[in-house]
Amino acid sequence: MPPMLQSQLQGTWVTPDATPDTATGVHDAVTGDLVCHVSSQGLDVVGALDHARHLGGPALRALTFHQRADLLDAVGAAVRARREELYVLSARAGATLLDARYDVDGGIRVLRDYSARARTELPDAPFLVEGPAERLARGDDFLGVHLVSPSPGLMLQVNAFNFPVWAPLEKLAQALLAGMPTVVKSATPTAYLTAQLVRIITDAGVLPPGALQLLVGSARPALDLLREQDVLSFTGSATTAGTLRTHPNLVARSVRFNAEADSVNAMVLAPDVRPGTPLFSAFVREVVTEMTVKAGQKCTAIRRVLVPREQENTVLEAISAELAQVTVGNPATEGVRMGAVVSLAQRDDVRRAVRAIAESGRFVHGDPDKVRVVDADPERGAFLDTLLVSADPDAAAPHEVEPFGPAATVLAYRDTAHATDLIARGRGSLAASVVGDDLVWTTAFVQEAAPWHGRLHLMDSTNMTQTTGHGSPLPALRHGGPGRAGGGSELAGTRGVLDLMQRTALQASPRILGAFR
């Protein structure tokens, strides 16, 4: 019988008080076989949060930034040594080896990046004194500075299913550097992957007791237990983010809430880019990459492709030709470029979404109900074809409905004003890309689009061979977005670390302030 997935709480792997009938079954995305059962029934969540606050927190706060960086190095080394285990499990979630490396190796790189930044940008002290002192009186004996110190709370991570390794690690990196213990609540469809990640780290014994725990199942019991010094870091749907934001306990205690939510991200082709040019080809490749990596299950993936009206047919033909070369099937089979989405329920969600969008247009490539797969049963596995839609740009659905899978919609704009209006109809996105060489057009477009986006990826003929891509969040830059995208912020270098800490204004004499330098 498939196992009941355990949580890691108070230093022990704990099995929930549940039966297969009362727990949630998690299935292999490729074969449909039952992988495990998930439940939080009977788990001591109160004890787990107390364990983090009273054991993990003090141990981390006693360390300097540089010593906390040593912990990141140790975690990264432990995960790297056993990453093949995570690759194998990733295939059960529908991921190809490329997808798995994007998730696993990407998480390791974030740890390494933050460790290096901490040593170069932060002091070898438990806290940070920001900037030069401000003189607050006529004389020089009353000054002001800002002290950034660790909060005596914890971070509760509530993560999405699509990055079961990268997401916990990127949040853990910032939390550890901030001196904050972490409780990871894994997403149910890929909870077995996050559980193995936490097992690898705990087996290595590289973190202080209470610094990292895993809660499998529902996060609801934990929400009522969060306090003023805690942080709820959420990644998931805009709908769930809205529910969490208004949770009575979070509101009453002013619990810090950071949301990174889904959004209908866009790629915009500027009018100056002509078919047949290297830049046009790079644009097409980027769209196809974003549709197929992790089967399009990325919060930053391109959902809307905005193109000049006169180039719409050419773009549709070019993207369709590339998509026709994509092989779908068992991700463990050689030659397969795209695996399955995470579950049959997710497959059905994507089908509903693309049908809603196509009501104002047509499917140009792919059929939501049919797909040819390699080395797998298309009925038991959660497989989808790559789905390219051409829709009315002024219809509501393309800007409101996100098909969280291998799907994108081409929308033809009349002029620059129409393009800027269309991109704003997404009501806030994590990322958008602009492809073009015309500096006047690009800079004007960016000024209009920037307020609606957390990140803008600008690709031209000079950087198209070096770009890290539309959909890749980078540790040095902000990851998050306004409006529908959640209004939150992650990464952003050491700024993301300091955002988790308490910034306090100190007014004192030079003698007292000197004690903090």
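Which helix gives the largest share of the lining of the largest cavity? The legends below take up this question first and then turn to other close-up views of the predicted model.

**Figure 1. The largest cavity of the predicted model, with a volume of about 140 Å³.** Helix α4, which covers residues 97–121, gives the largest share of the lining, namely three residues. The lining consists of 17 residues, and those nearest the centre of the cavity are Ala-93, Ala-95, Asn-162, Lys-294 and Gln-297. Sorted by class, the lining of this cavity has nine nonpolar, five polar and three charged residues. Rolling a probe the size of a water molecule over the atoms shows where empty space is left. In this structure there are two cavities of 30 Å³ or more.

**Figure 2. The second largest cavity, with a volume of about 40 Å³.** Its lining is made up of Gln-157, Pro-168, Leu-169, Leu-172, Val-184, Leu-197, Val-198, Ile-201 and Leu-212. Eight of the lining residues are nonpolar, one is polar and none is charged.

**Figure 3. The largest pocket, which holds about 950 Å³ of space.** Phe-234, Thr-235, Gly-236, Ser-237 and Thr-240 lie nearest the centre of this pocket, out of 33 residues that line it. The elements that give two or more residues to the lining are α7 (220–223), β10 (231–236), α8 (238–245) and α12 (344–358). Of these elements, α8 gives the most, with five residues. The lining of the largest pocket has 14 nonpolar, 12 polar and seven charged residues.

**Figure 4. The second largest pocket, with about 530 Å³ of space.** The pocket is lined by 30 residues, and Tyr-102, Arg-109, Gly-471, Ser-472 and Pro-473 are the closest to its centre. At least two lining residues come from each of α4, α5 and α10 (278–292). By class, the lining of the second largest pocket divides into 11 nonpolar, 11 polar and eight charged residues.

**Figure 5. Salt bridges, of which the whole structure has 27.** Side chains of opposite charge can pair when their charged atoms come close. Arg-82 has 26% relative accessibility and so counts as partly exposed. Glu-85, at 30% relative accessibility, also counts as partly exposed. In another salt bridge, between Glu-121 and Arg-117, the closest N and O atoms are 3.2 Å apart. Glu-121 and Arg-117 are four residues apart in helix α4, so about one helical turn separates them. Glu-121 counts as partly exposed because its relative accessibility is 40%.

**Figure 6. A buried salt bridge and a network of salt bridges.** The closest N and O atoms of the salt bridge between Glu-290 and Lys-298 are 3.1 Å apart. Elsewhere, salt bridges link Arg-347, Asp-348, Arg-351, Arg-355 and Asp-369 in a network.

**Figure 7. Strand β17 (residues 387–391) and the strands that pair with it.** Five of the five residues in β17 are buried, and the strand is mostly covered. In a regular strand the side chains alternate between the two faces of the sheet. In β17, Leu-387, Val-389 and Ala-391 are on one side, while Leu-388 and Ser-390 are on the other, and both faces are covered. Strand β15 (residues 361–365) pairs with β17 in the antiparallel sense, over four bridges. His-365 has Leu-388 of β17 as its bridge partner. Strand β18 (residues 407–413) also pairs with β17 over four bridges, but in the parallel sense. There, Leu-387 stands opposite Ala-407 of β18.

**Figure 8. Two cysteines in a structure with zero disulfides.** Cys-36 counts as buried because its relative accessibility is 1%. Cys-299 has 12% relative accessibility and therefore also counts as buried. The count of disulfides comes to zero.

Note on methods:
Residues numbered from 1 in each chain as written. Predicted model: local features only at pLDDT ≥ 70, side-chain atom pairs only at ≥ 80, totals over all residues. Heavy atoms only, no water. 1 Å grid on protein atoms, 1.4 Å probe; cavity = no way out; pocket = protein on both sides within 12 Å on 5 of 7 lines; lining within 4 Å. Points joined across faces, edges and corners; volume = space filled by probe spheres on them. Nonpolar A, V, L, I, M, F, W, Y, C, P; charged D, E, K, R; others polar. Salt bridge = Lys/Arg side-chain N within 4 Å of Asp/Glu carboxyl O. Buried < 20%, exposed > 50% of the residue type's maximum accessible area, 1.4 Å probe, protein only. Disulfide = S-S within 2.5 Å. Pairing = 2+ DSSP bridges.
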